[in-house]
Amino acid sequence: MGFGKYDPQQIEGKWQKRWSESHCFEVEADPSKPKYYVLEMFPYPSGKLHMGHVRNYSLADVVARYKRMRGFNVLHPIGWDAFGLPAENAAIKHKTHPAAWTYSNIADMRAQMHRLGYSYDWRRELATCRPEYYKWEQRFFIQMLEKGLVYRKNSPVNWCPNCNTVLANEQVEEGRCWRCDAEVEQKQLEQWFLKITAYAEELLDDLGQLKGGWPDRVITMQENWIGKSVGAQIKFKVKDSDEIVEVFTTRPDTLCGATFMSLAAEHPLVEKLIAGRPEAAKVRAFCREVANMDRIRRGAEDLEKEGVFTGAYCVNPLTGREMPIHVANFVLMGYGTGAVMAVPAHDQRDFDFARKYHLPMQVVIQPKDGQLDPATMEAAYSDPGVLVHSGQFDGMKNQDAKAAIIEHLAKHGLAKPTVNYRLRDWGISRQRFWGAPIPVVHCEKCGIVPVPFDELPVRLPENAQVREDGRSPLPLLESFVNAKCPKCGGPARRETDTFDTFMESSWYFLRYTSARNEEAPFDPAALKYWSPVDQYIGGIEHAILHLLYSRFFVKVLRDLGYLEHDEPFKNLLTQGMVLKDGAKMSKSKGNVVDPHAMIEKYGADATRLFILFASPPEKDLEWSDAGIEGAYRFLGRVWRLAEEMDEAGMLKPIGPAAAVSELGGELSAPARDLRRKEHDTIRKVTRDMENKFQFNTAIAALMELVNEIYARKDALKAAPGGAASLSSALSTVLVLLSPVALHVCEELWAHMGHAASLTGVTWPGYEEDALVKDEIELVVQVNGKVRGRLMVPANADRDAVRDFAMTHENVLRHLEGKTIKKLIVVPGKLVNVVAG
């Protein structure tokens, strides 16, 4: 009786139920076993999986299943990044509560994940919106506050009037909100900050630990984001004033070429400098205009440089030159001191500004092979050279002059060596409802007071009704706001800002190690055993903030005594996007492919197979309807192969890579050839799985083995060891393919008569002896041109190879009438007869 038609809908649910009932993916820390922690970036519960999700989670699932088969104790958990604006906005739109919307979506997406057969330890599932999760986050915040890593200050922020919340710089695109496309405004707000800059040097240095495990591109992005600059802080006295303008510069060698000063519009000195001057009104108007600009745009290289003269001057500490002070739109208060000594001859931004406003230039570095003239220069000169017009430093190489000038100024109290970072402290305040409450109260008598640990969590009141205008209901909810000061017992008001959702995603991977622990955030033994994450998988769009904040959190928690390791993720894979018609899938483009529809039509195995076969994991994947149909046909072909072998009585319960003794002893030549292909496939697939998870080439090798089994099936039917060899090869296909196409492989494995599930089978090894060929193909050349090919025994010596070559009919024909002068033998490859 045959197997019947390959029907994924019938078999996939059956095996998912069996895996669930057997708890085969549930694990505990076991120091006697090697561990492997594989994790994909957890999803936001939007309601439906998209193909990007399917690719990400399928990649991780194959890694998890492969590592289990290699003998590792594998932790593969899942959870939900459940707080945030999208849920709140969707709840407003659908007139429901964010909690109801979120939990409903989680249920839907969980069901979809089960349908795809992912091997998660579901006991560890977490949702960041649950109090039992954010309770610990609130505790961490209070400990950071006590350690001096948290502060509150008035700060200019990107404000979306439509979403009614603060946006990070990265969430502003072309001056508009990344979520709703509203024009972003600049606003001054009291904000909470985490002092990530206190860890800037360690965050930079420890990137060295990640080289080889993280993509070079991501490491470079993090290095640039941290942005370490070594230079000096120099003081410029304001003319006719006691005020000082302090400047950070990496180019003290150009100080004598500084001809004017540029300040940020927000610089605190601006008002003092313009007080009582006729330029005051114009400067204030300019500052208001600049303050409303997108701050990312202000730092862009192609920004049109604009500024205004304040009417004030400062004095160059080295030359005594009086330098006009301008306010400029390209100077940012968040970097350095918010003041730039302008050296137009040697800095392109200053050059553009000086040309536009007819400001003076002074060349102070000349190249070795020319003379620069400010009047004829078309661009700033920023390459190395020798100092000129620099007094006692003339003639010095500019690199040597940097230290000399700093040392000279330091003696007079006018400069000091300084290290600066582009990295800014992390603003964690959000003015929306759907987030974890910040656990402090405001008391008129005691100021800001943290909530005691034994009163945590400060629960988000899920009975609060979200407002249609998007503003948080918390400030108006008396039952939430009115509190008692823990210090003096008097009346106090709760903080109504909520945490940035990056807070939740910066430590969730640690909580998975003991997700149900109610007494502490982590079980120390479990945390030590499982951490750090061995393989992290996610999109390149998270290369900076999420990864940087996670690295920061791990270092802080280490210093708070929770853990011992320094970095969260040993290895990182950033998978490419899933495209259709050359573009990222989006509803607006009408090119979205629904995973549910593909699973219903082709099954989970074919969907997974296509998405893993179509492209290397780190490259973008172009969706193809023909491609998924091809994946479905291939699985059907494997099914029919097993069915045909069964009908012919050749399907035996023999495992993969069976020993020759299991195959019946002496094998026929076709059986030896098939065994050689089987072991070569194991070698190739294992290599591809270990080498940055090149699943596409591993699958291609398995397709070749299936073709080989088909090609040799009839010849081996009656041959010695034939049926056993075929069964061993088919078992190898099923075992090696099972991390990808798990359901169909389980079903066929059971049909072969194997009692145990594939979830407990060990990954096969290959035998070197099995790879040795009985015969090899030899190329025969006459005077360097191929004249024939022949099969010779693999162990033939040089004389035997020569004799074989000289029997080839076409070779002999091309040697007629010629004298053999030389015979070159390259063992295992070719024979070249030189004749004339």
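Guide: One definition is needed at the outset: rings of Phe, Tyr and Trp (its six-membered ring) pair if their centres lie within 6.5 Å. Please note also that this is a predicted model.

Visitor: How many aromatic pairs does the structure hold?

Guide: The rule to apply is the one just stated, with centres within 6.5 Å. By that rule, the number of aromatic pairs in the structure is 40.

Visitor: Is the pair of Tyr6 and Trp639 stacked, edge-to-face or tilted?

Guide: Planes under 30 degrees apart count as stacked, over 60 as edge-to-face and the rest as tilted. The ring centres of Tyr6 and Trp639 are 5.6 Å apart. Their planes meet at 40 degrees, so the pair is tilted.

Visitor: How many residues apart in sequence are the parts that Tyr6 and Trp639 tie together?

Guide: Both residues are buried. Tyr6 belongs to the segment before α1 (8–22), and Trp639 to helix α21 (residues 625–647). The pair therefore ties together parts whose separation in sequence is 633 residues.

Visitor: What is the arrangement of the aromatic pair formed by Tyr199 and Phe552?

Guide: Tyr199 lies in the loop between β9 (185–194) and α6 (200–205), and Phe552 in helix α18 (residues 545–559), so the pair ties together parts 353 residues apart in sequence. Both Tyr199 and Phe552 are buried. Their rings are 5.6 Å apart, centre to centre, with 75 degrees between the planes. Planes over 60 degrees apart count as edge-to-face, and the pair of Tyr199 and Phe552 is accordingly edge-to-face.

Visitor: Which ring has the charged end of Lys153 over it?

Guide: Two cases of a residue placed over a ring may be described together. Arg139 lies over the face of Phe453, at 4.2 Å from the ring centre. The charged end of Lys153 is 5.4 Å from the centre of its ring, that of Phe193.

Visitor: Is Gln431 buried or exposed?

Guide: Gln431 is in the loop between β20 (429–430) and β21 (440–443). Buried means under 20% relative accessible area. The relative accessibility of Gln431 is 14%, so this residue counts as buried.

Visitor: Which side chain is joined to that of Gln431 by a polar contact of 3.3 Å?

Guide: Leaving out residues up to four places away in sequence, Gln431 touches several residues, including Trp159, Leu189 and Asp497. A polar atom of the Gln431 side chain lies 3.3 Å from the backbone nitrogen of Val166. The side-chain partner in a polar contact of 3.3 Å is Asp497.

Visitor: How many disulfides does the count come to?

Guide: A disulfide requires two cysteine sulfur atoms within 2.5 Å. The sulfur of Cys24 is 15 Å from the closest cysteine sulfur, in Cys745, which is too far for a bond. Cys485, which is buried with a relative accessible area of 2%, is in no disulfide, as the nearest cysteine sulfur, that of Cys488, is 3.7 Å away. The count of disulfides comes to 0.

Visitor: Is Ser32 buried or exposed?

Guide: Ser32 is placed in the loop between α1 and β1 (35–40), and its side chain makes a polar contact of 2.6 Å with the side chain of Asp30. Exposed means over 50% relative accessible area. At 62% relative accessibility, Ser32 therefore counts as exposed.

Visitor: What percentage of the residues of the chain count as buried?

Guide: The chain has 27 helices and 34 strands. Its C-alpha atoms fill a box of roughly 105 × 85 × 50 Å, taken along the principal axes. Of its 836 residues, the share that count as buried is 55%.

Notes: Residues are numbered from 1 along each chain as its sequence is written. This is a predicted model: local features need pLDDT of at least 70, side-chain atom pairs count only at pLDDT 80 or more; totals for chains, interfaces and linings use all residues. Side-chain values use heavy atoms; hydrogens and water are left out. Helices (H or I, at least four residues) and strands (E, at least two) are DSSP runs, numbered from the N terminus. Buried means under 20% relative accessible area, exposed over 50%, partly exposed in between (1.4 Å probe, protein chains only). A charge sits over a ring if NZ of Lys or CZ of Arg is within 6 Å of the ring centre and within 35 degrees of the ring normal. A polar contact is a pair of N or O atoms within 3.5 Å; within protein, one must be able to donate a hydrogen and the other to accept it, and residues adjacent in sequence count only if both atoms are side-chain atoms. Contact means heavy atoms within 4.5 Å.
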